[in-house]
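Work through the exercises below with the sequence and the model in view. Each task is followed by its solution.

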Amino acid sequence: MTIEELKQFFEEYSALSINAVNKEAGLPNSYLGKIMMGGRPLSQKTLTKLLPVLKKYGYKEPVKEK
């Protein structure tokens, strides 16, 4: 997942609160906001916490071409 994909997800699911996702993923308040604004990197550790929550709300990982 890239930062652009994260932004697109929240645009498509605009009823979903970034703060609620932070909380459910066990991330500090405003963490995702800082990532999306470019103030923090999107690390593998963050993705490990974040992806299960996003998938719960409809995120589907892009199919990689072989």
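**Exercise 1: a threonine in a helix**

Thr46 lies in helix α4 (helices are DSSP runs of H or I, at least four residues, numbered from the N terminus). The model is predicted, so local features need pLDDT of at least 70 and side-chain atom pairs pLDDT 80 or more, while totals for chains, interfaces and linings use all residues. Residues are numbered from 1 along each chain as its sequence is written, and side-chain values use heavy atoms, without hydrogens and water.

Task: decide whether Thr46 is buried or exposed, and find what Thr46 touches.

Solution. Step 1: the relative accessibility of Thr46 is 4%, so Thr46 counts as buried (under 20% relative accessible area; exposed is over 50%, partly exposed in between, with a 1.4 Å probe and protein chains only). Step 2: leaving out residues up to four places away in sequence, Thr46 touches Leu27, Tyr31 and Ile35 (contact means heavy atoms within 4.5 Å).

**Exercise 2: two helices**

Task: describe how α2 and α4 pack.

Solution. Step 1: the axes of α2 and α4 are 9 Å apart, at an angle of about 125° (lines fitted to C-alpha atoms over the stretch in contact, with angles from 0 to 180 degrees between N-to-C directions). Step 3: on the α2 side Val21, Glu24 and Ala25 take part, and they meet Lys49, Leu50, Val53, Leu54 and Lys56 of α4. Step 4: these residues divide into 5 nonpolar, no polar and 3 charged (Ala, Val, Leu, Ile, Met, Phe, Trp, Tyr, Cys and Pro are nonpolar, Asp, Glu, Lys and Arg charged, the others, Gly among them, polar).
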